[in-house]
Amino acid sequence: MRGLLPVIRSCVRWARRPLQPGVRLWRRNLQLRVVAFTLLMSVGVVLLLGFVVIGQVRNGLLDAKEKAAENQATGGFSIAQNLAAQGSQAQDATGSGATPPVDTGNWLNNLAAQFQSGGKGVYWIATLSPGADAGAGPGEGSTNARGPRGTNHVDPGTTIPKSLSDAVETHTGALKQYTMLRMDDGTPPRPALAVGKRLTDPNGNAYQLYYLFPFDQEEKTLGLVKGTLATAGIFVVVLLGAIAWLVTRQVVTPVRMAAGIAERLAAGRLQERMQVTGEDDIARLGESFNKMAQNLQVKIQQLEDLSRMQRRFVSDVSHELRTPLTTVRMAADVIHDGRADFDPVTARSAELLQNQLDRFESLLSDLLEISRFDAGAAELSAEPIDLRDVVRQVVDAAEPLAERKGSRVVVRGDAQPVIAEADPRRVERVLRNLVVNAIEHGEGRDVVVRLATADGAVAVAVRDYGVGLKPGEATRVFNRFWRADPARARTTGGTGLGLSIAVEDARLHGGWLQAWGEPGGGSQFRMTLPRTAGDSLRGSPIALEPDDSRRNRALLTGRPAAPATPTVPVPRAGGTAEAVAAGGGHPMDTGRLRPPLIPPMPSVAPARPAKADPAALPGNGARVVERRESAREDDV
């Protein structure tokens, strides 16, 4: 056995040696591959076209055959019924006792012979009688009065399907079915169409009359069509192969030249260019290739310079700002810890210094993050997470701020898991920005966080009922350092870059961060992410404009949009439950005025289905509803 292994290897090498030039030619010759693929696709197209044409011709022939067969059989059934009626009338005219009954066997034989005489080679006639033995006497020579009969050696017992004869026996109309026409003279079976109907003879006995239409002529026509299509298909495939060879020959040479230049460019020889001759499309291709190489050389140089500047900027910021900031932080902590021994002005200055240092550190971190986005260096660490856990962490962290503001954060849609492949750190940062902004601008009303998932997307919407957004502000809310009201103080020490970083985080996931608002009616920010990282979004499970907006409530109730919700007194601790419910929130230990937490929706509001909104398109997604004049007057 060991002695045979070298022989087998030698035979394999000897067999592969003639194939190696062909394999090498196939890999390196673009023209050969294009022609081969053209021939294969041409063969596929011709075969597909042939199947379609043959199918259409076959269906057309069958439809024509069925219509002709139905017309022929319907006329024969009418004639047979008229002959039976005439025979019955003749018996009634002579009297039942004077004339014996008509011989059913002879009458059926004469009927079949009479019908067959007008359709030689076109159709065959067969008769069956209910309850007769199919094998008792088939053929023309049958003497059984109730036996099966057939013309021209047709075997009715094997030709007519049992299912068709049973159906004809229970129906009054004509029925048809495809079958195989079998003869008792040894002729091979052939396909045919059987059309039958239950009739009565002159004696009133029921029998079944069948017309059998063979498909001989249709098969000849279909064979002619197949031959014609095969000949035309071969000619078309050969012609397309020749055309492909000539066309690719005109293109292969410039492509080979471009491939060689591209290889040299990839090797770092950016000064290489193609030689251009003529003014045709190939010449324009060469000129465009040379321009591309020139622009590529310039852009690569610019990117290298920009990359060096970005790396230097990040390094300078990290080293030059972090070191003095750490020193200032240590000194500020010492001063802040000893502020109890200072006079009130100095103590207050120590607190301000501590707060501003916190804000400066946040601003530095945000600037570094923005620089990473601008340089394209931001990385996404996606993993399967449940957004409910992220929302709970954000809500728990924002609870102290909500208590100071007198608001409450309500989470809805967290009954089912909301799983998505996302970066938990970036998603938490986005939601923290949205929730904190909603609490800060919510005017003491509740903040609603809604989760939903549908159609390969997950969404988290943060709804507040505060001052809202004016027309045009929703398009600028994600700009850097933009503030809706410059005179409004930042109670949370924001840097003005939170929403800018949030929208970049959403885009890094392949998602959207969109805003909606109406003056005096609050706002809603919606983050939509693909459930699977890398997928594209087609819509959002949550509508950008909430159901309880003034416009939606006006549409549901048929009344004009209501003005801004007026403030109502909230009772002190220990007040009645009705008074607390009227205030819309938890009882407070003061008697100050505060608005209801969540405006009630009309009872006719329909339930919104959990499906993606195809109208939610990417981009800023801003939509601001203008306040009605009546609402403005009521607010005043």
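What follows is a conversation about a predicted model of one protein chain.

Reader: What should I know before reading the numbers?

Author: Residues are numbered from 1 along the chain as its sequence is written. The model is predicted, local features need pLDDT of at least 70, side-chain atom pairs count only at pLDDT 80 or more, totals for chains, interfaces and linings use all residues, and side-chain values use heavy atoms, with hydrogens and water left out.

Reader: How do you know how confident the predictor is in the chain?

Author: By pLDDT, the predictor's confidence in each residue, from 0 to 100. The chain averages 76, and 77% of the residues score at least 70. Residues 133-143 stay under 50. That stretch has 20 contacts (heavy atoms within 4.5 Å) beyond four places in sequence. Residues 563-596 are also below 50, with 58 contacts beyond near neighbours in sequence. Where pLDDT is low, the predicted coordinates should not be read in detail.

Reader: What makes up the chain's secondary structure?

Author: There are 15 helices and 15 strands. Both are DSSP runs, numbered from the N terminus: helices are H or I with at least four residues, strands E with at least two.

Reader: Why is the pair of Phe 77 and Tyr 211 called edge-to-face?

Author: Rings of Phe, Tyr and Trp (its six-membered ring) pair if their centres lie within 6.5 Å; planes under 30 degrees apart are stacked, over 60 edge-to-face, the rest tilted. Here the centres are 5.7 Å apart and the planes meet at 80°, so the pair is edge-to-face. Phe 77 sits in helix α3 (residues 30-94) and Tyr 211 in strand β5 (residues 206-214), 134 residues apart.

Reader: What makes the pair of Tyr 123 and Phe 213 tilted?

Author: The angle between their planes is 55°, with 5.7 Å from centre to centre. Tyr 123 lies in the loop between α4 (104-116) and β1 (124-128), and Phe 213 in β5, so the pair ties together parts 90 residues apart in sequence. Ring pairs link Phe 77, Phe 115, Tyr 123, Tyr 211 and Phe 213 into a cluster. The structure holds eight aromatic pairs.

Reader: Why is Gln 514 called buried?

Author: Buried means under 20% relative accessible area, exposed over 50%, and partly exposed in between (1.4 Å probe, protein chains only). Gln 514 has 1%, so the residue is buried. Phe 77 and Tyr 211 are buried too. So are Tyr 123 and Phe 213. Buried residues make up 36% of the 636 in the chain.

Reader: What makes the link between Gln 514 and Arg 526 a polar contact?

Author: A polar contact is a pair of N or O atoms within 3.5 Å; within protein, one must be able to donate a hydrogen and the other to accept it, and residues adjacent in sequence count only if both atoms are side-chain atoms. The side chains of Gln 514 and Arg 526 meet at 2.4 Å. Gln 514 belongs to strand β11 (residues 512-517).
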